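Have the viewer open and work along, one step at a time.

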Amino acid sequence: MLDTDKAQNPRVVFALIIINKAGGLIYQRDFHEGLTKLSVNDYLILAGTFHGIHAITARLMPRPLAPPPPQKPTGIEVLESDAFRLQCFQTLTGTKFLLFTEPHQTNADVVLRRVYELYADYVMKNPFYQSEMPIRCEAFDRHLGSYVKSRQ
Amino acid sequence: MASTKAARIGEEVWKTRVDKVNAELVTLTYGTIVAQLCKDYDSDYVEVNKQLDKMGYNIGMRLIEDFLAKSNTGRCANFRETAEMISKVGFKIFLNITPTVTNWTSDNKQFSLIFEENPLVDFVELPDDGRAQDELWYSSILCGILRGALEMVQIQIEAHFISDVLRGNDSTEMRVSLIRYIDDEMPADDE
C-alpha cells in the first residue's frame, strides 16, 4: 500500500537551505533535478529577503486579540507556486530551515523536524563547527543525503 | 500542571530518543577535566570555577539545539515553566536526574535547583589544601550550560552554586536568576 501511495504522490524534496539568525545563508543543497539552479548570489538574496519578510510577517496578526495567543505568531510558514512548495521551520534559537518540495508534497514538517535533529547532531555537536558560520560538515551531508533519499 | 507535562515529556524523550553512555565514563571524564584545570591554574579555584563555567556556556549553546530537536516543545510561557523544563526535561534527558525546583522569590525571577543526586560528583573528594572546600564549586560547568542554553532562546540568566555536599553542606543547591528576556519581541508578561 505504501508503494502505491508513493507512486501516486511522489515525494520529491528539491532542495534545503538553512539561514542563520542574522539572515545569512549557511547551507544550501539540491537533492533533485526538478528545480532550476540559482546562482550563489541569488541564493544569498533569497535567504536575506526571506529572513526579512519572515520577521515582518511575525508581527502581523488580527488586531482585536482576545484572548491573547499562547504562543507569539510564527511569521510566514509556507510559500507556494505552480512549481514548488517552500516550507519554513524556524527553531526557537532563530535558525531557519527552508525546504523546497514538489507542490503536493505532504509532511514537509516531519522532514524538517528530522533535518533539525540531524543538524543538532552532526553540525552543532561537531566541536569544530563555529556557530552561525557556513556548514561544512561531511557527516551532516552524508546523513542528510541518505535520509532524504530514503523518503523519495 | 506545567510540571506534570514537563515530567511526561522528559520521561518520554529519555526512554525513546536518547543514546545512553556509561555514567562512570562521564564522571571520570569530568573529574579529569576539573583536576587538570586545578593543575593548570595552580589551584586558583576562583579561576577554575570561571573556566568550568565558560566551558559549560559553550556546551549549552550547542546542546540547546539537541534539546529542542528531541523534546519538540514550543516556547515557555513564563519563567516558572522554563524552570520546570530545565529540571524535568533538560536534566532528565542529559543526566537522568530531576533536580527539585524550589525557593522561588515572590517576583518569580529567581529559583533554586536542589540536586539530590549529581552524577558528576560520584567518587569525588575535594583536595584538603584548606582552600578547595571554600573556593571550588566543582560542578560549575552546569551553571554555564544553563546560561549558554537559555541565552540561545533569548533568556538571559545568571546561575551559581550556593551550597555543595562536596563542601560538607547538607545539600547541593544552584541559584538561577532571570536577568531579562533578550529579544524585545518577547512576551512582556513574564510572570
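**Exercise 1. Find the partner of Glu117(A) in a salt bridge and give the distance between the closest N and O atoms.**

Step 1. Glu117(A) pairs with Arg17(B), and their closest N and O atoms lie 2.3 Å apart. A salt bridge here is a side-chain nitrogen of Lys or Arg within 4 Å of a carboxyl oxygen of Asp or Glu.

Step 2. Before going on, note the ground rules: this is a predicted model, in which local features need pLDDT of at least 70 and side-chain atom pairs count only at pLDDT 80 or more, while totals for chains, interfaces and linings use all residues. Residues are numbered from 1 along each chain as its sequence is written, chains are lettered from A and ligands numbered from 1 in the order in which they are written, and side-chain values use heavy atoms, with hydrogens and water left out.

Step 3. Between chain B and chain A the count is two salt bridges. Over all chains, the whole structure has 15.

**Exercise 2. Describe the contact between chain B and chain A.**

Step 1. Count the residues: 20 from chain A and 18 from chain B take part, contact meaning heavy atoms within 4.5 Å.

Step 2. Turn to the area. About 1,700 Å² is buried between the two chains, with carbon and sulfur atoms giving 48% of it; buried area is the accessible area (1.4 Å probe) that two parts lose on being put together, summed over both.

Step 3. On the chain B side, Arg62(B), Glu65(B) and Arg75(B) lose the most area to chain A, together 39% of what that side buries.

Step 4. Locate the chain B side. Helix H3 (residues 45-71) of chain B supplies its largest share, eight residues. Helices (H or I, at least four residues) and strands (E, at least two) are DSSP runs, numbered from the N terminus.

**Exercise 3. Which residues are linked with Asp121(A) in a network of salt bridges?**

Step 1. The network joins Asp121(A) to Lys125(A), Asp66(B) and Lys70(B).

Step 2. Within it, Asp121(A) and Lys125(A) form a salt bridge with closest N and O atoms 2.8 Å apart.

Step 3. Check the accessibility: Asp121(A) is partly exposed at 29% relative accessible area, and Lys125(A) is partly exposed at 40%. Buried means under 20% relative accessible area, exposed over 50%, and partly exposed in between (1.4 Å probe, protein chains only).

**Exercise 4. How are Arg142(A) and Glu138(A) placed in helix H4 of chain A?**

Step 1. Their side chains meet in a salt bridge at 3.2 Å, N to O.

Step 2. Because they are four residues apart in helix H4 (residues 138-151), about one helical turn separates them.

Step 3. Glu138(A) is exposed at 55%, whereas Arg142(A) is partly exposed at 46%.

**Exercise 5. Outline the fold of chain A.**

Step 1. Chain A has four helices and five strands, in the order α-β-β-α-β-β-β-α-α from the N terminus on.

Step 2. Of its 152 residues, 39% count as buried.
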